[in-house]
Amino acid sequence: MSAVREAGTSTTQATDKVSDSVVPKPRVVSGVIIRTRTGRLSLRVQSRTVAVTAALLVALVVVMGITLTTGDFPLSLTEVLQALAGNGSGGADFIVNTLRMPRLVTALCVGAALAVSGAILQSLTRNSLGSPDIIGFTNGSATGALLVIVVLNGSMTQIALGALVGGLATAAVVYLLVFSAGMHGFRLVVMGIGVSALLLAVNSYLITRASWQEALEAQAWLIGSLGNRGWDHAGAVGIAVAVLLPLAFGLARRLSMVEMGDDTATALGVNVSRDRLALLFISVALAAFATAVTGPIWFIALAAPQLARRLISSSGGAGLVPAALMGAVLLAGSDLAVQRIFSPALLPVGTATGTIGGLYLIWLLVTESRKSRA
């Protein structure tokens with residue numbers, strides 16, 4: 001009986017740690033359990049999550065349709081479908097398959113990658129500020145790209161590789177600094193913010209040492225843009241998303257257990273250190289590949305997972321798919337807005353997401369401050 005009481009006390013303490021964190025406590029959501037005939041595999045399907053996912057899919061299709069049919073050269077839906085099928089006119093084929101579709105696919109993949117990256121980090125740290133742009137992984141990618149631009153005068157492909165290496169190297173440094181004193185979410189966020197500030201200073205220094213042309217190119221990349229993105233960009237981030245997102249979804253159940261606390265997850269048979277490291281690598285790789293293609297796109301990784309979590313009233317692994325769809329809708333919708341509202345001005349999408357995300361961050365901090373006082 002004493003062993004049972006000790007186990008219950010340990011579980012209660014772990015649960016209390018989760019409830020005291022910034023991430024909202026998951027609610028118990030009813031659902032339907034689907035099992036195989038043998039009973040070896042089962043899946044709980046939550047009705048609210050399914051409804052939210054379906055609504056986000058509808059919103060995504062609407063955004064895609066408006067993006068492909070409107071603009072300086074409006075097209076009908078039939079013309080777009082014919083162009084996608086290879087049966088359209090020369091003009092429609094060029095507008096859809098060369099100008100609009102690669103940019104749209106890039107936006108969808110980058111938005112989904114950033115959102116899932118942020119969702120994983122927020123669950124691992126159990127903190128709403130746990131996103132790659134706050135912790136510093138995005139600034140690390142920017143540092144790698146700037147080094148290639150300023151020092152090596154590299155090509156677009158080399159800039160993308162530099163951004164990828166910079167993001168992964170920054171994540172390794174932050175992880176080693178945190179791991180030496182024990183892996184805790186709050187420590188990871190604080191250490192990441194410090195590293196991010198240091199990298200921001202390095203980025204500013206690199207720009208001051210660049211030539212006029214290099215400084216313009218670097219500053220344009222740092223804003224974050226989907227302009228002039230072709231199928232090579234869409235293909236690169238598409239392959240990364242096709243490989244990394246299934247891995248993230250496959251670890252969704254373990255992510256939910258890790259979010260409950262180390263003691264509880266270990267009691268449930270989870271190798272916490274191994275799974276946390278694997279999830280952290282997936283998160284950083286998603287953010288690095290996204291940043292390598294478009295430059296830093298701020299606040300998608302911060303806002304999209306939280307919006308999805310609030311809609312489904314759940315957190316952890318259950319929110320990865322809705323978060324991916326939310327990120328794709330937000331980035332594609334933001335890019336559509338800057339193209340249509342501010343045309344013919346070439347406003348980068350990073351400007352729009354930064355403005356909206358900054359307002360969201362202020363609201364988030366005010367809300368959490370009120371909760372802590374209560």
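Modeller: A definition is needed first: a patch is made of residues with over 30% relative accessible area and no salt bridge, and nonpolar side chains are joined into one patch within 5 Å. Please note also that this is a predicted model.

Biologist: Which residues form a nonpolar patch on the surface, and what is their accessible area together?

Modeller: One member, isoleucine 66, lies in helix α2, which covers residues 47–69. Isoleucine 66 is partly exposed because its relative accessible area is 38%, and a patch takes residues with over 30%. The patch consists of Val58, Val62 and Ile66, and together their accessible area is about 240 Å².

Biologist: How many helices and strands does the chain have, and what percentage of its residues count as buried?

Modeller: The secondary structure comprises 16 helices and 2 strands. The accessible surface of the chain is about 18200 Å², with 67% of it belonging to carbon and sulfur atoms. Of the 374 residues, the share that counts as buried is 50%.

Biologist: Among contacts between residues at least 6 apart in sequence, what percentage join residues at least 24 apart?

Modeller: Contact here means heavy atoms within 4.5 Å. For the chain, the percentage is 75%.

Biologist: Which residues are in contact with phenylalanine 137, leaving aside neighbours within four places in sequence?

Modeller: Phenylalanine 137 is among the residues with the most contacts inside the largest core. Its contacts beyond those neighbours are Leu121, Pro132, Gly167, Thr170, Ala171, Val174, Leu280 and Val284.

Biologist: How many residues are in the second, separate core?

Modeller: Its members include Ala145, Val148, Ala215 and Ala218. The number of residues in this second core is 16.

Biologist: Which backbone oxygen does the side chain of glutamine 122 reach?

Modeller: Glutamine 122 is found in helix α4. With a relative accessible area of 0%, glutamine 122 is buried. At 3.2 Å, its side chain reaches the backbone oxygen of leucine 302.

Biologist: Why does the salt bridge of aspartate 335 and arginine 103 tie together parts apart in sequence, and how many residues apart are they?

Modeller: The two side chains meet at 2.8 Å, N to O, and both residues are buried. Aspartate 335 lies in helix α15 (residues 320–341) and arginine 103 in helix α4, so the parts tied together are apart in sequence by 232 residues.

Biologist: Which residues are linked in a network of salt bridges?

Modeller: Aspartate 275 meets arginine 254 at 3.2 Å and arginine 274 at 3.5 Å, N to O. Aspartate 275 lies in helix α13 (residues 272–294) and arginine 254 in helix α11 (residues 252–259), so their bridge ties together parts 21 residues apart in sequence. Aspartate 275 is buried at 4% relative accessible area, whereas arginine 254 is partly exposed at 30% and arginine 274 is partly exposed at 49%. The network consists of Arg254, Arg274 and Asp275.

Biologist: What distance separates the C-alpha atoms of isoleucine 134 and valine 195?

Modeller: Isoleucine 134 lies in helix α5 (residues 132–135) and is buried, with a relative accessible area of 17%. Not counting residues up to four places away in sequence, isoleucine 134 touches Leu129, Gly192, Ile193 and Ser196. Isoleucine 134 and valine 195 are 61 residues apart along the chain, and their C-alpha atoms are separated by 10.0 Å.

Biologist: Does asparagine 228 count as buried or exposed, and which does phenylalanine 299 count as, buried or exposed?

Modeller: Most residues other than glycine have a negative phi. Asparagine 228 has a positive phi of about 60° and lies in the loop between α9 (212–223) and α10 (231–250); phenylalanine 299 has a positive phi near 75° and is placed in the loop between α13 and α14 (300–312). Because buried means under 20% and exposed over 50%, asparagine 228 at 79% counts as exposed, and phenylalanine 299 at 17% counts as buried.

Key. Residues numbered from 1 in each chain as written. Predicted model: local features only at pLDDT ≥ 70, side-chain atom pairs only at ≥ 80, totals over all residues. Heavy atoms only, no water. Patch = residues over 30% accessible without salt bridge, like charges linked within 9 Å, V, L, I, M, F, W, Y side chains within 5 Å. Areas by Shrake-Rupley, 256 points an atom, 1.4 Å probe, with all protein chains shown as cover. Salt bridge = Lys/Arg side-chain N within 4 Å of Asp/Glu carboxyl O. Helix = DSSP H or I, 4+ residues; strand = E, 2+ residues; numbered from the N terminus. Buried < 20%, exposed > 50% of the residue type's maximum accessible area, 1.4 Å probe, protein only. Core = buried A, V, L, I, M, F, W, Y, C linked by side-chain atoms within 4.5 Å. Polar contact = N/O pair within 3.5 Å; in protein donor to acceptor, adjacent residues only side chain to side chain.
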